[in-house]
Structures are given as structure tokens and as C-alpha cells.
Amino acid sequence: MMELEYIDHLSPILKDGVKNYLIDIDGTITEDVPNEEPERMVTCEPFPDALETINKWYDEGHQICFFTSRTENLKQITIDWLDKHGFKYHSVLCGKPRGGNYHWIDNHLVRATRYKGRFTDLVEKQVTIEVFKEEEE
């Protein structure tokens, strides 16, 4: 169950230290399976380090949402696969835009971690990012 706090309004606020993970599926926690080959979605295997790390994050109280480019008609196949392999999660969102090169603009702080072949605990690293130009005062 999601551990949320509601402070004088209906919009939830995550408790201090809780991260809201949005995790891709294809090419990130399993092999890269295109929407055009749903039969492979049933038989592909999870990356063991992804399963272990994501379940650890869940057990630590973080929010786990799988956010995938799989289409809505493939959602039940996706849920069945996640459950079959023992992934712990709170939600599954389908319909992430396809094509990559994402640039997320939001009024909340967004951190991005590019998957490069291995799930581990996250470490801090300083990088250059693009931001909106601040107003001159």
C-alpha cells in the first residue's frame, strides 16, 4: 500500500525519503520486446538484478510504478508477467511515448537515471542538465 500523507488537501505528499520510481520495462527490466511481438512478452525473462533491486526498493517503502510504452491492450499481459516473476509494485502505466530521447518537464523535481545494463543501488554523481532560463531580476 502506498504510504502517503494528505495535508489539508486531497493531493498526496510522499513521506520524507520516499522516492516515486517510474521504471520502464522493455530493455530495462527484461529484453527489449516491441509492441508488435506480444507473444515474446509472455516468455521473456526478467533481468535478475532488476528484480532484486526493485523489490528491495519496494520493501524499503519506495513507490514503484512501471511506466511503459506498451499499449493499453497489452496491460494485462504485462501485469501477469510482472506477477509471475515476483515483481513488487504499486501501479502500471501504459502508453509512454515511443521513440526515446525523453525530456520531462514538470513542476516537481524530476531525476532521471539511464539504464545501462545493470540495476544496482543508486549513487550520487554530478552532471550537467538543461533547465529553463531564470527570470532576470
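The model is predicted: local features need pLDDT of at least 70, side-chain atom pairs count only at pLDDT 80 or more, and totals for chains, interfaces and linings use all residues. Residues are numbered from 1 along each chain as its sequence is written, and side-chain values use heavy atoms, with hydrogens and water left out. Helices (H or I, at least four residues) and strands (E, at least two) are DSSP runs, numbered from the N terminus.

**Helix α2**

- Helix α2 covers residues 48-59, and its 12 residues should span 16 Å at 1.5 Å a residue. The expected span of a helix is 1.5 Å times one less than its number of residues. The end C-alpha atoms of α2 are 17 Å apart, which agrees.
- The buried residues of α2 are Ala50, Thr53, Ile54, Asn55 and Trp57. Here buried means under 20% relative accessible area, exposed means over 50%, and partly exposed lies in between (1.4 Å probe, protein chains only).
- These buried residues of α2 pack against β3 (20-23) and β4 (63-67).

**Nonpolar core**

- The largest nonpolar core has 21 residues. A nonpolar core is a set of buried Ala, Val, Leu, Ile, Met, Phe, Trp, Tyr and Cys residues joined through side-chain atoms within 4.5 Å.
- Two or more residues of this core come from each of β3, α2, β4 and α3 (75-84).
- The residues with the most contacts inside the core are Ile23, Ile29, Ile54 and Phe66.
- Setting aside residues up to four places away in sequence, Phe66 touches Ile23, Asp24, Ile25, Ile29, Ile54, Leu82, Phe87, Tyr89, Ser91, Val92 and Leu93. Contact means heavy atoms within 4.5 Å.

**The segment after β5**

- Phe119 is found in the segment after β5 (91-93). Phe119 is buried, with a relative accessible area of 11%.
- Not counting residues up to four places away in sequence, Phe119 touches Ile23, Thr28, Ile29, Asp49, Ala50, Thr53, Ile54 and Trp57.
- Phe119 and Gly99 are 20 residues apart along the chain, and their C-alpha atoms are separated by 22 Å.
- Lys96 also lies in the segment after β5. Lys96 counts as buried, at 11% relative accessibility.
- A polar contact of 3.2 Å joins the side chain of Lys96 to the side chain of Asp24. A polar contact is a pair of N or O atoms within 3.5 Å; within protein, one must be able to donate a hydrogen and the other to accept it, and residues adjacent in sequence count only if both atoms are side-chain atoms.
- Apart from neighbours within four places in sequence, Lys96 is in contact with Asp24, Phe67, Thr68, Ser69 and Tyr102.

**Salt bridges**

- Side chains of opposite charge can pair when their charged atoms come close.
- The whole structure has eight salt bridges. A salt bridge is a side-chain nitrogen of Lys or Arg within 4 Å of a carboxyl oxygen of Asp or Glu.
- Arg70 forms a salt bridge with Asp26, with the closest N and O atoms 2.9 Å apart. The pair links distant parts of the chain, 44 residues apart: Arg70 is in the loop between β4 and α3, and Asp26 is in the loop between β3 and α1 (38-43). Both Arg70 and Asp26 are buried.
- Glu60 forms a salt bridge with Lys56, with the closest N and O atoms 3.5 Å apart. Glu60 counts as partly exposed at 46% relative accessibility, and Lys56 counts as partly exposed at 32%.
- Lys56 also meets Asp121 in a salt bridge between side chains (2.3 Å, N to O). Lys56 lies in helix α2 and Asp121 in the segment after β5, so the pair ties together parts that are 65 residues apart in sequence. Asp121 counts as partly exposed, at 44% relative accessibility.

**Cysteines**

- A disulfide is a covalent bond between the sulfur atoms of two cysteines.
- The count of disulfides (cysteine sulfur atoms within 2.5 Å) comes to zero.
- Cys44 is in no disulfide, and the nearest cysteine sulfur, that of Cys94, is 14 Å away. Cys44 counts as buried, at 2% relative accessibility.
- Cys94 is in no disulfide, and the nearest cysteine sulfur, that of Cys65, is 9.6 Å away. Cys94 is buried, with a relative accessible area of 16%.
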